[in-house]
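Please look over the sequence and the 3D structure shown here before reading the notes that follow.

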Amino acid sequence: VCGLVRERNEDNFCYVTRPGDNASLVIVTDGVGGHRGGDVASYVCCRMLLDAWRARTYRELSIPGAESFLHQSIDAVNERLWQSNRFTGQGAAMGTTLVCAIVFAEHLVVAHAGDSRLYMSIPGKELALLTRDHSVQRLIDEKKIAGTALRSGIHAGNSIFQAVGTCRSLDLEIQAFDRPAAARYLWCSDGLSRYVPEDFMSTCMENSRSAKEALDRLIRAALLAGAPDNISAVCGFPV
């Protein structure tokens with residue numbers, strides 16, 4: 001949904017599962033804020049990954065196969081957007097954040113770039129963030145750049161340093177995780193994660209009776225918090 005300020009929604013998402021597949025695909029993208037064509041970049045990213053998923057000639061994926069699929073298909077998206085930016089050559093490069101997962105019965109393989117996130121909720125445990133934002137604040141926390149960079153005005157704390165399409169070379173993070181039987185998952189853009197406290201997220205994810213109920217409560221909380229940004233989220237509950 002659109003936030004309370006922006007008129008154009010630069011987020012996209014999709015979820016796809018097909019009979020005969022042993023895994024499903026979940027994607028959330030968020031066009032790089034303030035950049036030309038962020039909405040186009042996020043759509044192209046979703047569309048190309050979805051097309052690549054549907055074009056597979058093999059239905060049974062392994063974990064290494066899932067990792068290879070994500071590397072190859074996301075690299076293709078990055079090259080497509082990068083070449084489009086070179087051809088246009090006007091203003092800031094269009095790009096998009098990405099959090100994407102291939103979900104198996106007992107595992108999931110996650111790729112991400114930027115500050116869109118994936119959370120895991122298990123009853124009785126703290127909400128777990130499975131991704132780490134590619135942001136300037138993370139570089140400061142890891143002492144890779146000086147905190148004075150924030151005060152100097154050169155960087156903003158939530159500025160991202162990885163996005164699909166903005167650079168020729170994308171340093172994509174891909175990780176495989178076990179999938180506990182009771183685990184619930186939340187994929188979201190920063191329009192949600194920046195304005196909804198994680199303790200409220202945890203309560204919603206653990207206490208909601210369905211994925212739809214959790215989504216409704218989370219998006220409502222973001223809007224009530226005055227979220228100016230677009231809000232996209234996908235919830236996955238065990239069946």
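This is a predicted model: local features need pLDDT of at least 70, side-chain atom pairs count only at pLDDT 80 or more; totals for chains, interfaces and linings use all residues.

Residues are numbered from 1 along each chain as its sequence is written, and side-chain values use heavy atoms, with hydrogens and water left out.

**The chain as a whole**

- The protein chain has seven helices and nine strands, where helices (H or I, at least four residues) and strands (E, at least two) are DSSP runs numbered from the N terminus.
- Of the 239 residues in the protein chain, 48% are buried; buried means under 20% relative accessible area, exposed means over 50%, and partly exposed lies in between, with a 1.4 Å probe and protein chains only.
- Among the contacts in the protein chain with a separation of 6 or more, 68% come from residues 24 or more positions apart, a contact being heavy atoms within 4.5 Å.

**Aromatic rings**

- Rings of Phe, Tyr and Trp (its six-membered ring) pair if their centres lie within 6.5 Å, and planes under 30 degrees apart count as stacked, over 60 as edge-to-face and the rest as tilted; by this rule the count comes to two aromatic pairs.
- The pair of Trp53 and Phe69 is edge-to-face, because the ring centres are 5.4 Å apart and the planes stand at 75°.
- Arg56 lies over the face of Trp53, at 3.8 Å from the ring centre; a charge sits over a ring if NZ of Lys or CZ of Arg is within 6 Å of the ring centre and within 35 degrees of the ring normal.
- Leaving aside neighbours within four places in sequence, Phe69 is in contact with Leu49, Ala52, Trp53, Arg56, Tyr58 and Ile102.
- Phe69 and Ile102 are 33 residues apart in sequence, and their C-alpha atoms are 9.6 Å apart in space.

**The second largest pocket**

- About 310 Å³ of space lies in the second largest pocket, where a pocket is found on a 1 Å grid over the protein atoms alone, as an open set of points where a 1.4 Å probe fits, with protein on both sides within 12 Å along at least five of seven lines.
- Grid points are joined across faces, edges and corners, and the volume is the space filled by probe spheres set on the points.
- The lining has 15 residues, of which Tyr15, Val103, Arg179, Gly236 and Phe237 lie nearest the centre of the pocket; a lining residue has an atom within 4 Å of a point.
- Strand E2 (24–31), strand E8 (184–188) and strand E9 (233–236) are the elements that give two or more residues to this lining, and E9 gives the most, with three residues.
- By class, the lining has twelve nonpolar, two polar and one charged residues, where Ala, Val, Leu, Ile, Met, Phe, Trp, Tyr, Cys and Pro count as nonpolar, Asp, Glu, Lys and Arg as charged, and the others, Gly among them, as polar.

**Buried residues elsewhere**

- Ser121 is found in strand E5 (residues 117–121) and counts as buried at 3% relative accessibility.
- Gly165 lies in the loop between helix H4 (148–152) and strand E7 (173–178), and Gly165 counts as buried at 0% relative accessibility.
- Apart from neighbours within four places in sequence, Gly165 is in contact with Asn78, Leu81, Trp82, Asn85 and Met94.

**Exposed residues**

- Glu106, in the loop between strand E3 (96–103) and strand E4 (107–113), is exposed, with a relative accessible area of 57%.
- Not counting residues up to four places away in sequence, Glu106 touches Phe177, Asp178 and Arg179.
- Asp199 has its place in helix H6 (residues 198–207) and counts as exposed at 56% relative accessibility.
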